[in-house]
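Morning, everyone. Please bring up the structure, and let's walk through it together.

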Amino acid sequence: MSFLSLLLVIAGAWPTRQPDSAAVLKAARRAQEAFEYTRRHNLPERAGGWSGVCGERIGRVCYWYEGGDDEEDKAPEEPARIRQARTRLLDALDGAAATIPGDEWIVGQRVRYLLEGRQPLLAARVVEQCRAVTWWCEALGGLVRHVGGDFVGADSVFAAALADMPDDERCDWSDISALLEGDLAARYRRLDCASRAAFEARWWWLAQPLYSLGGNDRRTEHFARRVMVRIEQGRRTPLGLYWDDDLRDVMLRYGWPTWWTREPPVSPFVTSDPFVTGHEPSPAFRFAPAARALDDPGSARPDDWLFEPRNARERYAPAYAKAFTYLEHQRAMFRRGDSCLVVAAYDLSADTLFAARPVTTALALGANERTLATARDLAPAAGPRALTATAPCQPLVFSLEAVAAGERHVTRARYGLGPAPQAGARAAISDLLLFDPPDSLPTTLDAVVPHAHGSTRVSSDHRIGVFWELYGTDLASGAVGVSLTVSPQGTGWLRRVVESVGLATRRRGVRLEWQEVPAGAALAPRALALDLSGLSPGRYVIEVAVASPSGDELTAQKEIRIERP
């Protein structure tokens with residue numbers, strides 16, 4: 001045996017020393033601390049990051065929201081020293097992962113810093129190779145998909161993660177108490193974990209920003225924040241604060257910062273820890289429903305969703321929206337057997353955010369968080385458009401949504417919708433639908449819809465059409481008396497004073513009456529055109545009243561606003 005062979009035999013017989021996992025993990029944590037120290041002391045300086053007044057004090061954290069333009073556009077370029085330090089940290093974490101491939105903290109930090117460094121494909125690869133506990137790998141995958149805008153995928157992966165979690169962990173992750181306030185929060189906290197599921201499902205359904213998008217991105221945002229909470233807990237943050245419950249609450253309510261700045265030092269001769277400001281994505285909006293909408297979605301009002309209230313309990317900044325506004329429209333419901341057909345008309349041609357741009361519009365009708373009927377349209381915003389959708393006749397949530405994707409402009413109208421009157425032995429009347437009358441008046445709903453007026457605002461120099469339907473078998477038993485009135489509403493005190501001294505003409509209305517025999521027993525459509533040129537500008541109510549042969553009076557109303565051309 002040669003001398004070299006003898007050495008190899010001896011080496012092979014000697015036990016190989018395995019890496020010390022605890023030492024490797026400790027070294028990785030030191031590398032992370034060193035990076036955050038480098039980051040804090042090399043952040044771009046920005047004076048006036050804090051005005052000195054807190055919008056809200058949450059533990060040690062002063063939180064305020066300035067709103068306005070897209071904050072990401074104002075973010076200064078990240079200094080090269082920070083980028084280089086992050087690269088060194090990722091190299092250290094990669095080495096640690098090779099030694100301890102199943103460590104949850106290491107894989108979480110790798111995903112976090114890759115996403116922070118705008119390397120989502122590498123973050124996705126880390127998730128694919130994840131060997132930590134299954135539910136944590138799935139949760140990290142949900143984070144990567146959400147940040148990448150794949151909300152359907154994120155929703156699915158987060159659902160799998162929740163299913164694979166231990167019961168106590170799932171209960172903690174599903175908890176939405178940080179997003180609630182007042183009586184709603186108190187009611188939620190009184191429920192045990194199992195009893196909260198129905199509450200949470202309805203809340204997430206009503207908080208979803210757009211039903212026309214696949215996946216509930218407000219929910220996936222929440223679970224992405226949960227992932228970030230678990231990644232950052234127990235460590236010192238870029239703000240310089242050690243992790244505690246106040247930082248968790250801020251992150252769950254408002255998200256995590258995507259860039260940071262530091263105040264310029266008070267004096268070049270005095271060394272101190274930098275004062276750091278974290279900047280979350282902006283503009284951000286509040287999508288949470290009011291308690292009234294949660295209790296009775298079918299009776300919810302538009303003001304049960306306020307996008308930009310002061311001191312909002314929670315906010316979310318969708319990457320697809322830098323403007324989120326209320327969509328002006330008109331809506332009418334008509335019965336079709338056991339179903340209800342809803343017509344929604346809108347006109348975005350005068351809206352500077354949408355005019356002449358390609359706009360995707362959707363009408364969604366939801367009875368609960370599991371059922372949804374949707375109709376879509378894609379066209380330039382160049383005039384009135386109308387959508388129709390059919391759903392079972394029951395209390396619904398109506399959501400009309402328009403998105404100009406290229407400009408990231410979104411507008412929405414959402415509220416509850418009661419069912420249309422039952423058509424049976426007794427008569428019933430539909431809603432009123434306004435339309436722009438063509439030369440020959442249409443006689444069916446299908447013929448009216450292409451001419452639907454885009455709002456409830458009416459110019460005094462144009463005629464306006466009114467369409468409705470009568471239902472019920474007793475309509476065939478004889479003539480019915482019909483009246484249509486246009487009545488002024490809400491005359492202010494100043495207007496009344498001016499009218500009383502003769503300096504302004506008293507606002508008057510219109511009244512028409514006639515008798516007719518409906519053409520059909522089950523459904524009788526009716527359309528007429530009104531000349532409103534003699535009416536003064538202001539709010540009015542159009543009311544159609546029908547006296548049926550059985551003696552019942554049926555009424556339908558629509559409020560309009562007459563404006564000068």
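Start with an open sheet of 5 strands. The order is β5-β12-β11-β8-β9, and the pairing is mixed. This is a predicted model, by the way. Which strands sit at the edges? They are β5, residues 323–326, and β9, residues 371–380. Each of these two pairs on one side only. Ignoring direction, neighbouring strands in this sheet are turned by 20° against each other on average.

Now look inside that sheet. Strand β11 covers residues 396–404, and strand β12 covers residues 409–417. They pair in the antiparallel sense, over 9 bridges.

On to another sheet. Here 5 strands form an open sheet in the order β15-β21-β20-β17-β18. The pairing is mixed here. At the edges stand β15, 457–459, and β18, 510–516. Each has a single partner strand, so one side of each is left without a neighbour in the sheet. From one strand to the next, the twist averages 25°.

How many bridges join β17 to β20? The count is 9. Strand β17 is residues 480–489, strand β20 is residues 538–547, and they run antiparallel. Find Thr485, and you will see that its bridge partner in β20 is Glu543.

Next, the helices. Two packed helices are described by the angle between their axes and the distance between the axes.

Pair one is α2 with α3. Helix α2 is residues 21–42 and helix α3 is residues 80–99. They pack at an angle of about 170°, with their axes 9 Å apart. The cut-off for roughly antiparallel is over 145 degrees, so α2 and α3 are roughly antiparallel to each other. Who makes the contact? From α2, the residues include Val24, Ala28, Ala31 and Phe35. From α3, they include Ile82, Ala85, Leu89 and Leu93. By class, this contact has 10 nonpolar, 4 polar and 3 charged residues.

Pair two is α6 with α7. Helix α6 runs over residues 134–147, and helix α7 over residues 151–164. The angle is about 165°, and the axes are 8 Å apart. That makes α6 roughly antiparallel to α7. Their crossing is left-handed. On the α6 side, the contact includes Trp135, Ala139, Gly142 and Leu143. On the α7 side, it includes Phe151, Ala154, Val157 and Phe158. The classes come out as 9 nonpolar, 5 polar and 3 charged residues.

Helix α8 is residues 167–174, and helix α11 is residues 217–232. They pack at about 120°, with axes 10 Å apart. These two helices, α8 and α11, are therefore oblique to each other. The α8 residues in contact are Glu169, Asp172, Trp173 and Ser174. The α11 residues are His222, Phe223, Arg226, Val227 and Arg230. By class, the residues of this contact divide into 3 nonpolar, 2 polar and 4 charged.

Now two details of the backbone. Most residues other than glycine have a negative phi, and most peptide bonds are trans. Against that background, look at Ser282 to Pro283. That peptide bond is cis, with omega near 0°. Where does Pro283 lie? In the loop between β4, 276–279, and α13, 291–295.

Then there is Arg118. This residue has a positive phi of about 60°, although it is not a glycine. Arg118 is found in the loop between α4, 104–116, and α5, 120–128.

Last, confidence. The mean pLDDT of the protein chain is 88. In this chain, 87% of the residues reach 70 or more. Where does pLDDT stay under 50? Over residues 1–17. For that stretch, the model has 1 contact beyond four places in sequence.

That's the tour. Thanks, everyone.

Terms used
Residues are numbered from 1 along each chain as its sequence is written. This is a predicted model: local features need pLDDT of at least 70, side-chain atom pairs count only at pLDDT 80 or more; totals for chains, interfaces and linings use all residues. Side-chain values use heavy atoms; hydrogens and water are left out. Axes are lines fitted to C-alpha atoms, for helices over the stretch in contact, and angles run from 0 to 180 degrees between N-to-C directions. Helices (H or I, at least four residues) and strands (E, at least two) are DSSP runs, numbered from the N terminus. Angles under 35 degrees count as roughly parallel, over 145 as roughly antiparallel, 65 to 115 as roughly perpendicular and the rest as oblique. A crossing is left-handed if the near helix is turned anticlockwise from the far one by less than a right angle, and right-handed if clockwise. Contact means heavy atoms within 4.5 Å. Ala, Val, Leu, Ile, Met, Phe, Trp, Tyr, Cys and Pro count as nonpolar, Asp, Glu, Lys and Arg as charged, and the others, Gly among them, as polar. pLDDT is the predictor's confidence in each residue, from 0 to 100. Two strands pair if DSSP finds at least two bridges between them.
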